[in-house]
Each structure stands twice: as C-alpha cells, then as structure tokens.
Amino acid sequence: MITFLKIIMNMKIKIENLTFDCIIGILPFEREKKQSVVVNCTIKYKYSKNNFIDYSKIAYDIENIMKKSQFKLIEDAILDIRKHISDTYKIKKIKLTICKPHIMSNCKVSVKK
C-alpha cells in the first residue's frame, strides 16, 4: 500500500513597490489628476500542491481596485483591499502599505495595516 503525504507549509508572498497612477485623496487637485502610489503587501498562507496563490492576480486586484474606486482616504483603500484579498484567497494574514510618494515635497506619506 502506497501512502501519499500531503505536505503543507507556511509561505509568504511579498509584493514590493507595486507602482501605478490613480485618483486618491481628499484635496481638490487630488480628485482631478492621477498621482503615483506605491503598494507593498505581505501575505501569509498555507501552501500545498493544491493550494497556492497566484501573486500576479493579487497585484492585478490591488491595482484594479484602487483605479476603479478612486478612494478619498488611503485608510479606506487598505480596508477594501484587505477585505477583497481575505474573501478571495485562502490566506492567514495580510500586511498592506500604501504610499503617496509625491504628495508632499519634503517626505513620502504612507498608511500601513
């Protein structure tokens, strides 16, 4: 009798410096002109041959959600993206940072959850 072991391992996906332009912000000029955002994401999940996560789909989802939703607050973007990823993929944990690198001339501004 042959027994097959199902190997399950904890894995971590890192999406770093996902950069694109979108409408985000509450100031009048932010609602009119797209600005650059940088997203960093870390996702922990249980990997097996039958349970893996396509990181390219997650990167696409993040960009697509932000471009379509035109969030006023980074915090709302983070909450919506986290909910979508948690509802769509079998994950254990997600960390997400969204940065607006050019909104201020003397610093980069970001929110992390």
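Predicted model: local features only at pLDDT ≥ 70, side-chain atom pairs only at ≥ 80, totals over all residues.
**Entry 1**

I placed Q70 in the loop between α2 and α3, just after α2. Its phi is near 45°, a positive value in a residue other than glycine. I then turned to N17, which is not a glycine and has a positive phi of about 60°. N17 is found in strand β1. With a relative accessible area of 53%, N17 is exposed.

**Entry 1: helix α2**

I next examined α2, which has 15 residues and covers residues 55-69. From its first C-alpha to its last, α2 reaches 21 Å, close to the 21 Å expected at 1.5 Å a residue. I noted I58, A59, D61, I62, I65 and M66 as buried in α2. They cover an arc of only 160° around the axis, which puts them on the same side of α2. Y60 and K68, on the other side of α2, are exposed. I also asked what covers the buried residues of α2. The cover includes the strands β1 (9-22), β2 (35-47) and β3 (93-104), together with helix α3 (74-88).

**Entry 2: D61**

D61 is buried yet has no salt bridge. I found K57 to be the nearest side chain of opposite charge, 8.4 Å away. Leaving aside neighbours within four places in sequence, I recorded contacts of D61 with H84 and Y89.

**Entry 3: the whole protein**

I listed three helices and four strands in the protein. From the N terminus on, I read the order of elements as β-α-β-α-α-β-β. The radius of gyration is 17 Å, well over the 13 Å that the globule rule gives for 113 residues, so the protein is more spread out than a compact globule. Taken along the principal axes, the C-alpha atoms fill a box of roughly 70 × 25 × 20 Å. I noted that buried residues make up 37% of the 113 residues. Of the contacts between residues at least 6 apart in sequence, 61% join residues at least 24 apart.

Conventions
Residues numbered from 1 in each chain as written. Heavy atoms only, no water. Helix = DSSP H or I, 4+ residues; strand = E, 2+ residues; numbered from the N terminus. Buried < 20%, exposed > 50% of the residue type's maximum accessible area, 1.4 Å probe, protein only. Lys, Arg positive; Asp, Glu negative; His and termini not counted. Salt bridge = Lys/Arg side-chain N within 4 Å of Asp/Glu carboxyl O. Contact = heavy atoms within 4.5 Å. Expected span 1.5 Å × (residues − 1). Arc of directions from axis to C-beta. Rg over C-alpha atoms; globule rule 2.2 N^0.38 Å.
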